[in-house]
Amino acid sequence: MPIEVDITQRLATIADATLDIVATSGIDGVSIRAVAKRIGGSTTLVTNYLPTREALLRNAVEHAIETWGEEMEQVADALPEKERLAATARWACTTTGNDEVLRRLFMEILGRSGRESEALQVLTTDARRGRTQLADAAALAGAADAEFAADIMHLVLRGFYVSSLEDPERWNSESVTPLIDRLVRLLTTDS
């Protein structure tokens, strides 16, 4: 009788191993063999689910985005509608846990991947979804021009991702939160 495998859990385990490798060795350290070694199995254990290195990277990105989405929903759903834009922006500027590793991975994928990259396509889709969520939150917060507010917030948050990598002592949760709060007030206060 074959062993039942929880595919979702297996993909999460592979994603976590991939991210561990990115944290210790960078994106160049990611290979099917390295991931298999990290999870204590053969390469077949990985290739049964993800047959290529590109698929490993896509899986890691999808897993991270899904986890972030769940965290974001918990933050936003617990607040009144008017406070969701500020909370969303503050949450996006966290510098705890594996945020740095994920941002580094995302930046490397953006810089190295061609248009056909599955991982890049996942990042692009997520960026568009995030920008739409910002527009919805801006409208709920009372922004006179929710689309403009979302564009500004999107660009600022994406800029923070880069800045937090190039100068983490200067650009971290503590230093950016007051700036984000001020920007949200500017974008949602009637002039």
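Reader: What are the conventions on numbering and on the atoms and residues used?

Author: Residues are numbered from 1 along each chain as its sequence is written, and side-chain values use heavy atoms, with hydrogens and water left out. Since this is a predicted model, local features need pLDDT of at least 70 and side-chain atom pairs count only at pLDDT 80 or more, whereas totals for chains, interfaces and linings use all residues.

Reader: Why is asparagine 59 called buried?

Author: Buried means under 20% relative accessible area, exposed over 50%, and partly exposed in between (1.4 Å probe, protein chains only). Asparagine 59 has a relative accessibility of 6%, and therefore counts as buried. Asparagine 59 sits in helix H4 (residues 53-77), and, leaving aside neighbours within four places in sequence, is in contact (heavy atoms within 4.5 Å) with Leu11, Ile14, Ala15 and Leu50. Of the 191 residues of the chain, 39% count as buried.

Reader: How do you know that the buried residues of H2 lie on the same side of the helix?

Author: The buried residues of H2 are Ile32, Val35 and Ala36. They cover an arc of only 100° around the axis, which puts them on the same side of H2, the arc being that of the directions from the helix axis to the C-beta atoms. These buried residues pack against H1, helix H3 (43-47) and H4, while the face turned away from the buried side carries the exposed residues Arg33 and Lys37. Just after H2, glycine 40 takes a positive phi of about 75°.

Reader: Why is the salt bridge between arginine 90 and aspartate 181 said to tie together parts that are apart in sequence?

Author: The side chains of arginine 90 and aspartate 181 meet in a salt bridge at 2.7 Å, N to O. Arginine 90 lies in helix H5 and aspartate 181 in helix H9 (residues 173-188), so the pair ties together parts that are 91 residues apart in sequence. With a relative accessible area of 33%, arginine 90 is partly exposed.

Reader: Which accessibility classes apply to arginine 131 and glutamate 147?

Author: At 16% relative accessibility arginine 131 counts as buried, whereas glutamate 147, at 44%, is partly exposed. Arginine 131 forms a salt bridge with glutamate 147, the closest N and O atoms being 2.6 Å apart. That pair joins arginine 131 in helix H7 to glutamate 147 in helix H8, 16 residues apart.

Reader: What makes a set of grid points a pocket, and which residues are closest to the centre of the largest pocket?

Author: On a 1 Å grid over the protein atoms alone, a pocket is an open set with protein on both sides within 12 Å along at least five of seven lines, and lining residues have an atom within 4 Å of a point. The largest pocket has a volume of about 950 Å³, a volume being the space filled by probe spheres set on the points, which are joined across faces, edges and corners. Of the 37 residues that line the largest pocket, Trp91, Asp126, Arg129, Gly130 and Gln133 are the closest to its centre. The largest share of the lining, twelve residues, comes from H7.

Notes. Helices (H or I, at least four residues) and strands (E, at least two) are DSSP runs, numbered from the N terminus. On a 1 Å grid over the protein atoms alone, a cavity is a set of points where a 1.4 Å probe fits but cannot get out, and a pocket is an open set with protein on both sides within 12 Å along at least five of seven lines; lining residues have an atom within 4 Å of a point. A salt bridge is a side-chain nitrogen of Lys or Arg within 4 Å of a carboxyl oxygen of Asp or Glu.
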